[in-house]
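Hello,

Here is the structure we talked about. My notes follow below it.

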4 protein chains.
Amino acid sequence: MTERLLPETIDFNGPFPTLSRRLRLGVVGGGRISATQATAARMTDRWDVIAGALSSDPERAKARGAEWFMDPDRCYASFEEMAKTEAAHPDGVDAVMITTPNHLHFPAAKVFLEAGIDVLCDKPLTNEVAEAEALVDLTMKTGQILGVGYAMSCFPMIRQAREIVAEGGIGKINQIHVEFLQDWMTPDDVADAPHVKWRLDPKISGPTSCVGDIGTHAAHLASFVSGLEMTALRAEFHVCGAPKPLEDTAFMFTRFEGEVPGTLMATRLAPGNRGGLRLRVYGSEGGLEWDLENSEQLKFYRFGEADRVISRGHGHGVSAATERLVRTARGFPEGVIEAWANLYTEFALAVAARRDGIAIPDNWLSFPKVSEGAAGVQFISASVRSNENGGDWVEI
Amino acid sequence: MTERLLPETIDFNGPFPTLSRRLRLGVVGGGRISATQATAARMTDRWDVIAGALSSDPERAKARGAEWFMDPDRCYASFEEMAKTEAAHPDGVDAVMITTPNHLHFPAAKVFLEAGIDVLCDKPLTNEVAEAEALVDLTMKTGQILGVGYAMSCFPMIRQAREIVAEGGIGKINQIHVEFLQDWMTPDDVADAPHVKWRLDPKISGPTSCVGDIGTHAAHLASFVSGLEMTALRAEFHVCGAPKPLEDTAFMFTRFEGEVPGTLMATRLAPGNRGGLRLRVYGSEGGLEWDLENSEQLKFYRFGEADRVISRGHGHGVSAATERLVRTARGFPEGVIEAWANLYTEFALAVAARRDGIAIPDNWLSFPKVSEGAAGVQFISASVRSNENGGDWVEI
Amino acid sequence: MTERLLPETIDFNGPFPTLSRRLRLGVVGGGRISATQATAARMTDRWDVIAGALSSDPERAKARGAEWFMDPDRCYASFEEMAKTEAAHPDGVDAVMITTPNHLHFPAAKVFLEAGIDVLCDKPLTNEVAEAEALVDLTMKTGQILGVGYAMSCFPMIRQAREIVAEGGIGKINQIHVEFLQDWMTPDDVADAPHVKWRLDPKISGPTSCVGDIGTHAAHLASFVSGLEMTALRAEFHVCGAPKPLEDTAFMFTRFEGEVPGTLMATRLAPGNRGGLRLRVYGSEGGLEWDLENSEQLKFYRFGEADRVISRGHGHGVSAATERLVRTARGFPEGVIEAWANLYTEFALAVAARRDGIAIPDNWLSFPKVSEGAAGVQFISASVRSNENGGDWVEI
Amino acid sequence: MTERLLPETIDFNGPFPTLSRRLRLGVVGGGRISATQATAARMTDRWDVIAGALSSDPERAKARGAEWFMDPDRCYASFEEMAKTEAAHPDGVDAVMITTPNHLHFPAAKVFLEAGIDVLCDKPLTNEVAEAEALVDLTMKTGQILGVGYAMSCFPMIRQAREIVAEGGIGKINQIHVEFLQDWMTPDDVADAPHVKWRLDPKISGPTSCVGDIGTHAAHLASFVSGLEMTALRAEFHVCGAPKPLEDTAFMFTRFEGEVPGTLMATRLAPGNRGGLRLRVYGSEGGLEWDLENSEQLKFYRFGEADRVISRGHGHGVSAATERLVRTARGFPEGVIEAWANLYTEFALAVAARRDGIAIPDNWLSFPKVSEGAAGVQFISASVRSNENGGDWVEI
């Protein structure tokens, strides 16, 4: 008798359903973001984190796994071995998170997908456009789930913003501005730190450093909320701090479907900014503004009316679809781990639906999917080409 | 061979140590706050939530337990049965959270403590002062851990505030103001809702409704940050909304050690306020202000200097002790579930230390303890007496 | 032929009308607040500041007057002389501002009113209730204009708040909280400064220091916006900083018409607070919040809806009556001098109407009048009596 | 005997000195901004507004003048006539403000300067670069004062920011971002309003609409605070709202001395933004951020320290030079009219010094001067050329 994960009947307009068991999650890569994501996965109570490829040194892999209370037999020194063994295991992982440095995203994602294991991969999805396309093809063929770590799109107030735009709440969009400003690269010697070094090595980080790390978050948010694909951009990369082989700052003009213009900016050298991810979408009837550092509130303007602030919680302007992602009462703050947990909740439901062989409505789960990951890689690639040719316009 | 939970050597100034296994947590009471706390416990990766007394109806108890993936054998229909069975179980729970309505806090806490199981009990610790004193005695005798759910004191910026005061950063305190304003009782018919009804029934809620629910959070925070015990108060209770048997609003003048004056205010009828818990401490050299709805930032004023804002994260004015409670980078917000997780982390370490028979430094773990719970009950009791005698001063 | 100041026909719903000439203003008392008020009067273009009693030393009076470009003949060494001379002058002052220390408010106001000259007097109107009543009687008899310097009620967003309450926008009021927190008395030696010394001398400042200076602003605002008179209070005075003969801090419970409860707090020892005048009014359907340090914005909550922020300017939720007090476009900030200028504009219209012998609609001009000044003196007096009897309730 | 306006000895480090009489100000152009500026001039008590060319229709010119209490003989129907007559008048105006539509700035400024009358001219200084250069030449030759209406640089907190940069408070600047976002052009039909129409007519407004109106404010502020000249830019103009002959939106990349990169953005179609002028300057050691809608506060970050907020007032991080521009106590807000008043104060001192034939220290008065006006015209011109050639880099 086959296992059934989702309930027999699902109310797609109600709260998200409970699964018949926790799913089994594996971890590939053992850096700080894997800890954050594992924390998020655990808080959903939909995942047990049970296996990992946390180091290429077998001893170290086991030692790190022990800190996570993993069975030593499920602590692998390579993701190839992990994929092979887990796929064959009767209680093998249902999915893995991939949180390695960028250049391993593609091979790791590929090997797990080919082993029949679903994947949640960090951004950028890959370092090359062709690789991203290969992953799209692979998932198209197999129907497998490949989520991408654009967790910012899983804040309830971002979902609310998207819904307001979709319902025409700000009219026809006339411009879109996004930026992601940080300051942690301000000290000249920060580039020597081990967790920073690889981000400035083109062989690992890919053709960009800042753009592929945080710029891509901004670009994703712009499209996610506006519902418009970015079609072209012109970009200039800068090294604003100490000399380094890849950009630490980038400025862009952007263009979206329907010739909607915009701007995009990313830097790690803006002292006083840390989670400075800000979205501003303006239209013929109103505007929306959101800031990661004030993530509980969405500013919503209708021209001619008093300004509005929608805050995360139940009712008071929050839609039923958004409420599915709400854990604590309005005014009792949630944060970025909860956004990751929303991603892991939706990802779990997608994984479960695939295993159950159930078709789900297109817009039931809005977590970032492989197509969005591929669009992100194309965005990065286009920005590199534009910068190389002096900032000319490049189609995406 | 006895199990050892904590490492052989502990650096009490470093990050909190990992335990040799996850602790086992039971849940008594199955309302919304138990879900929040269980989420928090899970995110620490220091607890497995494995047993519960989630309903007095055996069928319902098992059904609720199933949603939490509990073994049906560990789903009890009474906390007495749960205490007895779990105490005898080779892998019995190490501790329980008590999240029942108020009148059951005392009997439940008592039965688990007597069974040798540590307890984290919601506030108010008990409905009667004598009960609270009995629990203090019990823990004194047995050395058991009885934590209390004043989770607001586990926000990193509250810990930072307490440290600044202790180090003399604002000089000699001259006044302390706290308030907790909410608005969910604004609609006249809200009192009929099942999760509200018991809060207005003196037999269950105890002698107060609003004071024992949120006023006590405010009072705890005032003492926790200032390091001063509240010694006296005068209180007036009000029913500002629809008629009801217990107060929905209370105003107080307060007095702390050293004759420091203050005010305290709590209400559920202030539209626009939800998590309106605000602390303001002023001294001869500076001031501190914190607001739950902006919990990531602590305002710190030194008279004569530019104003300062300390934000949660590493460095930039955050102390090493506070950093132990930090999960995500500055600017990537954490929230109230993370505050609860901090409580569960420290509680886990205290439980482990007791089981290991290890003495730990007094100020290593600052989670709210039984003495603070008892002080909260005395605060509530004093406010009732003052209100009854027309708002005269009452010693606590 | 008599002069006519106001136009023949006035649209009481339109912008305020232009007068046929600037009115002539005299200044009694030459401290900092007189400079602020004169600046405000000038910016209205409805007043020329042409005469003054700026010092009791004749030489100094002339020297100070010269800085203000006053004719030496119009610089007086006593207000009695000034009242007599100006009343007889063909181009005598139409009105005076009284900005002396508190104990001179009464004799100065009396002498100018008796000379037929209108008065705008600083708060507190007088130091004794009987004196305030005498001034009320005097204006009743003569019809003269006696405005009071509660300038905070002349911020556009305060007017908007009052209008929202009057129209039922927050339903039936259930509680009112006001506070005025400052920090300039934090240093121990500040009391020795000349402009501070008199504020701590009961013979000059009257029976209170902090309450009569800033507490009375808070009390006025509470009544002004709510439309409810304060009927009773209980007060406790404190000296939170260095020892001094009068209170530097006061906490109160208040009661308004219809048994609406509230709180009031004033202190000069809250480091980080400067213009910390904050108003919060909550009702059965919504709430209003305003803060002097963010005076351009009014928070307006309707329970169950998204929060609103009304900002000073035209339209976008600002009423036509409020727009009369708006000078610059939304987003181009105005401040406290503009609030004073609104007071001087409305005062000018009242003075002109009296001189023209024209009846104006009751609610056309909302500047603070003698009755509000007298209510302020009664508030101060009640707070003194309550504090003296241990904080018992005192009817106002 | 010649008149002497300034005192015999001036303390250039103290408060600004009083003049021996009010200066006489004329008004050219009678729109809304002239009312704001006249209000500001009056509040300084350094100017009497006594003459005007408020309309080309003689009757209307007199009628408008009467509203300002001007002598009918001093109300002119053309600025040429005004310049000639006032120059010959024994009590002629000392200076004029020019607040006409843009295309008249040049001829009006020229005629008054040639008549020996100093000028404060609105931005953009002229519509053509050659015109601006001609005015620079003219003032070089005659030593006359030609101020420009970049009033935003006269906010105390902007002055403080400039001082912090100059003293190295943020280290070596690495990037500069400015933007000015408004929303008043959101409605499709707003372009038909009379006060809007000329702003979209290239013959009157010049080669730009939005850039020359608000973009130039942003550009000025960037250079004013950073102390760096803008050397190059690439610009793209957009019409985001209803079709119109000139841009309503512009995005730019900018470059400053020392190859410092930046961005600049201006639009009138961002609903929810009104006075959305924001400056952000980042350097190797810290950052500064300022927003017109929160003009009283300057955010000042030193990397590695707690964030700071400097607020307008005395002390608490505000320098002595900045304090000269402070009127009211910290926390009692000032606004944009006060910024204009600061400009008029400094302009008055410059006019007086010229008339007295006194040399003043270079950095005593920081109001925007003709060279800054000319730089603004060059900025506008460069942006037009860049936009026309597809957004290529253009040297300024």
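This is a predicted model: local features need pLDDT of at least 70, side-chain atom pairs count only at pLDDT 80 or more; totals for chains, interfaces and linings use all residues.

In chain D, strand E8 (residues 249–256) and strand E9 (residues 260–267) run antiparallel, joined by eight bridges. Strands here are DSSP runs of E, at least two residues long, numbered from the N terminus; two of them pair if DSSP finds at least two bridges between them. D:Met252 has D:Leu264 as its bridge partner in E9(D). Three residues lie between the strands of this hairpin, where D:Gly258 takes a positive phi near 75 degrees.

E8(D) also runs antiparallel to strand E7 (residues 230–238) of chain D, again over eight bridges.

Residues are numbered from 1 along each chain as its sequence is written, chains are lettered from A and ligands numbered from 1 in the order written, and side-chain values use heavy atoms, without hydrogens and water.

Now the interface of chains B and D. In contact (heavy atoms within 4.5 Å) are 11 residues of chain B and 11 of chain D. About 880 Å² is buried between them (accessible area lost on being put together, 1.4 Å probe, summed over both), 51% of it on carbon and sulfur atoms. Strand E13 (residues 307–311) of chain B pairs antiparallel with E13 (residues 307–311) of chain D over three bridges. B:Arg308 stands opposite D:Arg308 there.

Best wishes

Key. Buried area is the accessible area (1.4 Å probe) that two parts lose on being put together, summed over both. Helices (H or I, at least four residues) and strands (E, at least two) are DSSP runs, numbered from the N terminus. Buried means under 20% relative accessible area, exposed over 50%, partly exposed in between (1.4 Å probe, protein chains only).
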